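Subject: Structure handover

Hi,

Here is the structure for you to look over. My notes follow below.

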Amino acid sequence: TKTYSTIARLVGEAGDLKLMHSLLQQMQKEGCPVTPYFFADIMMAYGHLGKVKEAYLVFKEMKNAGLSPNQFVNNCLISILIKNGYLEGAKKVLNMMRSDDECPPDRVTYNMLIDKCGKSGNIVKAQQYCVEMRQRGLWPNEKSYCSLFGSLNKKGKIEKACQLFDAIKRKHKLVNRVTYTELIKGLGRAGETEKALEVFKKMEDSGCVMDVVVYNIMLDILVKRHLVSEAWKLFVSMQGKQFFPTVVTYNILISGFCMAKRVDEALRWYESMKQDGINPDCHTHSILVGGLCKGGQIDAAYKFLMEKQSACILKDNASRGNEGECVEREMVMSVAVHNVMLNAFVKAGRLETACTHLKVMEENGCTPDVFSYSIIVHGLGNAGKAKEASAMYKNMKESGIQPNLVTFNTMIDILGKAGMIFEVHEIVEEMKSLGLKPD
RNA sequence: GCAUCAGCUAUAU
């Protein structure tokens, strides 16, 4: 069974359902017990590729094979649905579980839903799930509370968040390092740098086990307040405590130098991270492109971007087996980096260049996303070209890209200002049909 | 069952 599961994972990643079928048949022929975990592995593989439909087909396939889903498999399905933005689907699975005495929801089930509702701003719903799990005799744990706490933080309700923090600390004693980290982050976002530092120091002094994430968050707060030299001190001291910088740490510092308009230093740090053996990622590149642009060096930014773009065709040594096989794969510069560039062109009034670059992206195998189009649409609208903006908007939809709330707001603004009231109504109707509420 | 659940960095209104 283990052998087959291992193979099944690979089959799942390759997206070959047929092969999976024959594997399954072979297993049954050989009298090899097929477990739900076998199916779950395949489902998760699909899920990570964003192939929700395929994952669901595997789920159904499992039922057809006469296996009823257990809590684990249902949770996997919920996780896949949630990660890919199908909250409604996840709720349906929950409903099935609620009415299934053999397979009721467990703490993981609720934790996932609490977290997702919190992240999408529905705190009330998140709390309802929390109540419901208690009614079922399931006790919320650190993760449940941290999700709830985080949702308040996200909404900027720092006072309520602090109250909740105190409550869960006093009543349930269910706070850990992650909860403290979340608290620091919330305080930082609320502009309470001093308090954030205070909690951070308390954490350090009380002998609480730290990790690099806590340091990264503290660094980010400092850097966003333009306290670059404070950040530098922390960067040094963390290493003295054996917490070594990751790519995120470097990205934060580099963005700090960019925000402080010290782009040269940012570029030097970019070099030194590579020397430290840490690979820059798409965040690094978009931070640098943005930094160069904001420093008025648009053309340098473009040059940098195109250089990285052509360096992107490289060997991907993600060795999956022990055979040392290297998969040659074409890597593409992340859309987000191009989007930063597009935005810079638009903001500099170089609309033509931006539109040209949109095509360059596609030629380089980098598919524009909803951000790319929104940037261009907004640029056109700002230039008083409402008709062209509309055309670009249509273009986007024809490329199979769903508009989101920001896109709709942008369009409403453009059309409204151009006096195209009828078209505004069309947009509003479109929003409704997608289940989006105007904000 | 070491598998499903919480915290860090970039782009649009």
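Lys 91 and Glu 88 sit 3 residues apart in helix H6 (residues 87-98), so about one helical turn separates them. Helices here are DSSP runs of H or I, at least four residues, numbered from the N terminus. The two residues form a salt bridge, with the closest N and O atoms 3.5 Å apart. By salt bridge I mean a side-chain nitrogen of Lys or Arg within 4 Å of a carboxyl oxygen of Asp or Glu. Glu 88 is exposed, at 52% relative accessibility. Exposed means over 50% relative accessible area, buried under 20%, partly exposed in between (1.4 Å probe, protein chains only).

This is a predicted model: local features need pLDDT of at least 70, side-chain atom pairs count only at pLDDT 80 or more, and totals for chains, interfaces and linings use all residues. Residues are numbered from 1 along each chain as its sequence is written, chains are lettered from A and ligands numbered from 1 in the order written, and side-chain values use heavy atoms, without hydrogens and water.

The structure holds 15 salt bridges. Among them is Asp 115 with Lys 119, at 2.6 Å, N to O. Both lie in helix H7 (residues 107-119), 4 residues apart. Asp 115 is partly exposed, at 24%.

Glu 430 and Lys 397 also pair, at 2.8 Å, N to O. This one links distant parts of the chain: Glu 430 is in helix H24 (residues 421-433), Lys 397 in helix H22 (residues 386-398), 33 residues apart. Lys 397 is partly exposed, at 33%.

Lastly, Val 360 in helix H20 (residues 351-363). Val 360 is buried, at 17%.

Best wishes

Conventions
Helix = DSSP H or I, 4+ residues; strand = E, 2+ residues; numbered from the N terminus.
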